[in-house]
Amino acid sequence: MKSIILNKNISKRVEGGHPWIFSNEVNTGKEKDTAAKPGEIVEVYTFDKKFIGKGYYNPQSQISVRLLTRDKGETIDDDFFYRRIKSAWEYRQKLGYIENCRLVFGEADDMPQLIIDKFNDYFVIQTLALGIDVWKPSIVAALEKLFSPKGIYERNDVPVRELEGLPQQKGFLSAEFDTNIIINENGIQFNVDIANGQKTGYFLDQQDNRRAIQNIVKDADVLGVFTYTGTFEIHAAHYGARSVLGLDISQSAIDMCNKNALLNGLQDKCTFECVNAFDVLKGWTKEDNAWDVVMLDPPSFTKSRTGIEKAIAGYKEINLRGMKLVKPGGFLVTSSCTNLVQPELFLDIIQMAAKDAKRKLRQVVFNSQSADHPIIRGQENTHYLKFLIVQVL
């Protein structure tokens, strides 16, 4: 096995457990084994020859090595991925995730850049780095052995793969099947478009948080913004809301919202409109419109640190407008999926918005993503979602 030697003076981050080794941490002198091919498994050593771990190597990437194991005696082969995926499934089952879950959450499950979402008997895979893409046949074989699934589909139509020298692509990894499926979540049914929906077709990371609204929406007039396929809004109607209005800029998303409302017999309670939320909310605050509950679930506002200030401004603005539309004593439900906006910063942004809105907040719930998306302390990319419910006084 080829080996990679690290520079002498690097941070203790890698030795402390972080699985990423950046290109500027790799020794470029004579002790670096340049014979390692992109995607190949390598052993990693400190400058003084202390074993760190084994991982896959890609000199084309800013992250040269992503570690898979710290055990020198562990072999990276087909059985390795079978064992890892089996372990990930056993963990989810212990937490109560049986039907739908994120089966594998990349680094949090010691399989960097591998995403597997389980929608009952259907599986969607993303292999976002060259090293894990090489093992895709082994991953598919493990899923076949563990689950005998009705279908497996890859959603590798994401730009991040290009940073690894990989093409964007999507398609069947099993026999072809109807990629429009129906899943059950919290006693409600939802249509999932595996082939064309965002990410893997559905956002499983909010499934626990969607239950958190059940008491505050009862007999309430509810506004949902950035509704996507209407999951929060349909939950609100199911939990007894008097009326629900959902907004999204995408007409295809609105069509899916209406389809989901009809699927659950909630079409009389729910109205969905295709509009630019930023523009509409600004106008509504001037018209003194108000709701008992306002829910905000915007997309990520930045993927890079260079855009962090713009993201902060965006979150502040949308939450400010949301607060102004909440009746006194009502509730704001708000989220951020930008991992660069860490929890304390997000709470600070909400407080800044409250100050400008001249409203007092009382915190009800502050959560992260659902527990099938485990968080590893010290690995920011595993802790990305913030979910907050506050009473707006």
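A pocket here is an open set of points on a 1 Å grid over the protein atoms alone, where a 1.4 Å probe fits, with protein on both sides within 12 Å along at least five of seven lines; lining residues have an atom within 4 Å of a point.

A word on the source. This is a predicted model: local features need pLDDT of at least 70, side-chain atom pairs count only at pLDDT 80 or more, and totals for chains, interfaces and linings use all residues. Residues are numbered from 1 along each chain as its sequence is written, and side-chain values use heavy atoms, with hydrogens and water left out.

Back to the pocket. Ten residues line it; Lys8, Lys12, Glu15, Thr46 and Asp48 lie nearest its centre.

Now the sheet. It is open and mixed, with five strands in the order S6-S7-S8-S9-S10. Strands are DSSP E runs of at least two residues, helices H or I runs of at least four, numbered from the N terminus. Pairing takes at least two DSSP bridges. S6 (100-105) and S10 (169-172) are the edges; each has a single partner strand, so one side of each lacks a neighbour in the sheet.

S8 (122-127) and S9 (151-156) run parallel, joined by four bridges. Tyrosine 122 has glycine 151 in S9 as its bridge partner.

Last, a helix. H3 (136-147) lies across S6, S7, S8, S9 and S10, at about 160° to S8. Axes are lines fitted to C-alpha atoms, for helices over the stretch in contact, and angles run from 0 to 180 degrees between N-to-C directions. Contact means heavy atoms within 4.5 Å.
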